[in-house]
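Visitor: I am new to reading protein structures. Can you show me how to go through one, feature by feature?

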Amino acid sequence: MTRRYDLHCHSTVSDGMLAPAAVVALACAQGVDVLALTDHDTTDGLAEARAAAAGSGLALIAGAELSVSWLGLTLHVLGLNLDEHEVTLAAGLARQRQARRERAARIGTRLAAHGIEGAFAAAEALAGAGSVGRTHFARHLVATGQARDVNDAFKRYLRRGKPGHVAVEWAALPEAIGWIRAAGGVAVLAHPARYELTATRMRVLLGEFKDCGGAGIEVVSGNQRPDALHHHAGLARQFGLLASCGTDYHGPEQTWLALGRLPPLPADLTPVWQTWE
Ligand code: AMP
Ligand code: MN
Ligand code: MN
Ligand code: MN
């Protein structure tokens, strides 16, 4: 029997809707065999997720999704199978979360100047002790009737060029990959289709990614068009990258997406889990 892998998902310690233990319970119910919890710039959910997975038969892989600045764009790099207690990684992630808090305050100021008061406090409250992000602002804008849904909130307020957008200098690509590798993890480029790169820029990115020690690419992602899989598989072959798959599950609000349910990876690719199994 083929095992079910989902190597990209979120919990309430970043912008997911379910607590880490609830994500694990759902994964078990969905028949997932191997789950990586990959919250944005934090590993704070792993202890709870690991405890929930103990004795369940589900293998929990420690992960995180790191925000990276590259040529003026924001990229996401997954660190999989890492040691969350390793100090270089922990210090790097702490710096990223501080940048998130500072950005959140500035987003609040910008939205207030646009006539939307109280968004910073509301987003902070929604994030709780977790890693605060734009999704928390988006949910607040939806809850207060200022956007139809989260996607609409991003489109109208939070994306580049919109009134609540604030640019951040995230970790550089070599730095983020360095932290992941210092913690013994595998660096995987998340949802490659999301960056809307030209073919040439994608080749430049993957060349640099490999040179920095990046090892994998998310060939199958929950939010991509079905044909993207074949394109990403071609890139994996061309650049000699390991293949990963993950839903990028954030919670039941993504009604079109089910935790753990993904098309299979092409059989000729080397799956990223070969590095730890
Ligand atoms: P941040 O890392 O705080 O800048 O937020 C990025 C997160 O926002 C992503 O991981 C998604 O969960 C979410 N996101 C980004 N763009 C959209 C969109 N257009 N619609 C819904 N969610 C989005
Ligand atoms: Mn997210
Ligand atoms: Mn992402
Ligand atoms: Mn994600």
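Guide: Start with a term. A donor is an N, O or S atom within 2.8 Å of the metal. This model is predicted.

Visitor: Which residues are the protein donors of the manganese ion (ligand 4)?

Guide: They are H8 (NE2), H10 (NE2), E65 (OE) and D248 (OD). They lie 2.1 to 2.2 Å from the ion.

Visitor: What separates the manganese ion (ligand 4) from the manganese ion (ligand 2)?

Guide: A distance of 4.7 Å.

Visitor: Is H8 buried or exposed?

Guide: Look at relative accessibility; buried means under 20%. H8 has 0%, so H8 counts as buried. H10 also has 0%, so H10 is buried too.

Visitor: Now helices. At what angle do the axes of helix α4 and helix α5 cross?

Guide: Compare the angle with a range: 65 to 115 degrees counts as roughly perpendicular. Helix α4 covers residues 119-127, and helix α5 covers residues 134-143. Their axes come within 8 Å and cross at roughly 110 degrees. The two helices are therefore roughly perpendicular to each other. The crossing of α4 past α5 is right-handed.

Visitor: Which residues make the contact?

Guide: From α4, they are A119, F120, A122, A123, L126 and A127. From α5, they are H136, F137, R139 and H140.

Visitor: How many of the residues in the contact of α4 with α5 are nonpolar, polar and charged?

Guide: Seven are nonpolar, two are polar and one is charged.

Definitions and conventions
Residues are numbered from 1 along each chain as its sequence is written. Chains are lettered from A and ligands numbered from 1 in the order in which they are written. This is a predicted model: local features need pLDDT of at least 70, side-chain atom pairs count only at pLDDT 80 or more; totals for chains, interfaces and linings use all residues. Side-chain values use heavy atoms; hydrogens and water are left out. Donors are N, O and S atoms within 2.8 Å of the metal (3.2 Å for Na, K and Ca); water is not among the atoms, so sites may look incomplete. Buried means under 20% relative accessible area, exposed over 50%, partly exposed in between (1.4 Å probe, protein chains only). Axes are lines fitted to C-alpha atoms, for helices over the stretch in contact, and angles run from 0 to 180 degrees between N-to-C directions. Helices (H or I, at least four residues) and strands (E, at least two) are DSSP runs, numbered from the N terminus. Angles under 35 degrees count as roughly parallel, over 145 as roughly antiparallel, 65 to 115 as roughly perpendicular and the rest as oblique. A crossing is left-handed if the near helix is turned anticlockwise from the far one by less than a right angle, and right-handed if clockwise. Contact means heavy atoms within 4.5 Å. Ala, Val, Leu, Ile, Met, Phe, Trp, Tyr, Cys and Pro count as nonpolar, Asp, Glu, Lys and Arg as charged, and the others, Gly among them, as polar.
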